[in-house]
Amino acid sequence: MRRDLITDAAIQLVAEQGMRGLTHRAVDRRAGLPEGSTSAYFRTRKALIEGFVARLADQERLDVVPDPDDVAGSIARTLDSWLVERNRTLARYAAMLEATHHPELKSIMVHSPREQATAIAKMLGHEDPERAGAHFTAFLEGLLFYRLVGGGSTVGPTPGTEESVRDLRKAVEKALRP
């Protein structure tokens, strides 16, 4: 589908060049489309950003499918896959930072794994699953950021390895405790 081609190209551009690299013309070139194609689907820069963030959210919803028999392990494997396929995660963080400076973009940040985290908290029997879900989401965002671009990116286990999954699993297990 052309809309997916455009938003996927936008994700790659933002991951590689930051938000300043995101222009309709650059997306057209990256996607191999005639000039003006991106503008036909996303008239404004805000609409283009909303489009690629929605695409990221859809992809993440498909990725986050906790195994009830191995919640920590399944979440650790998902996080590790996001570290391996780092462009999606870099693009999401770039959009989040952009939204802090442009209030009109705040609406794009409603996409979050918080609903899934709340469901996990309910499944695990937390007294206040909403609060536990919020805390767990904040923890996962911090862990992912640390391993992607923070100090953990230089000293943590290499993403895509069993050591990386084990390390992430230990952290997730600690965070899941009621």
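Trainee: How many helices and strands does the protein chain have, and what makes a run count as a helix?
Mentor: This predicted model has 10 helices and 0 strands in its protein chain. A helix here is a DSSP run of H or I with at least four residues, and from the N terminus on the elements read α-α-α-α-α-α-α-α-α-α.

Trainee: What share of the residues is called buried, and by which cut-off?
Mentor: Buried means under 20% relative accessible area, and 46% of the 178 residues count as buried. The accessible surface of the chain comes to about 9700 Å², with 53% of that belonging to carbon and sulfur atoms.

Trainee: Which share of the contacts joins residues at least 24 apart?
Mentor: That share is 64%, taken among contacts between residues at least 6 apart in sequence. Each such contact has heavy atoms within 4.5 Å.

Trainee: How many positive and negative side chains are there?
Mentor: There are 25 positive and 25 negative ones, and the centres of the two sets lie 5 Å apart.

Trainee: Where does the name "HTH tetR-type" come from?
Mentor: From UniProt, where an unreviewed entry lists that domain for residues 1–60. In the model, this span is 75% helix and 0% strand, and its end C-alpha atoms lie 19 Å apart.

Key: Residues are numbered from 1 along each chain as its sequence is written. This is a predicted model: local features need pLDDT of at least 70, side-chain atom pairs count only at pLDDT 80 or more; totals for chains, interfaces and linings use all residues. Side-chain values use heavy atoms; hydrogens and water are left out. UniProt positions are given in the numbering used here, feature names are shortened, and annotations may be inferred rather than shown by experiment. Helices (H or I, at least four residues) and strands (E, at least two) are DSSP runs, numbered from the N terminus. Buried means under 20% relative accessible area, exposed over 50%, partly exposed in between (1.4 Å probe, protein chains only). Accessible areas come from the Shrake-Rupley method with a 1.4 Å probe; for residues, only the protein chains shown count as cover. Lys and Arg count as positive and Asp and Glu as negative; His and the chain ends are not counted. The place of a charge is taken as NZ of Lys, CZ of Arg, CG of Asp or CD of Glu.
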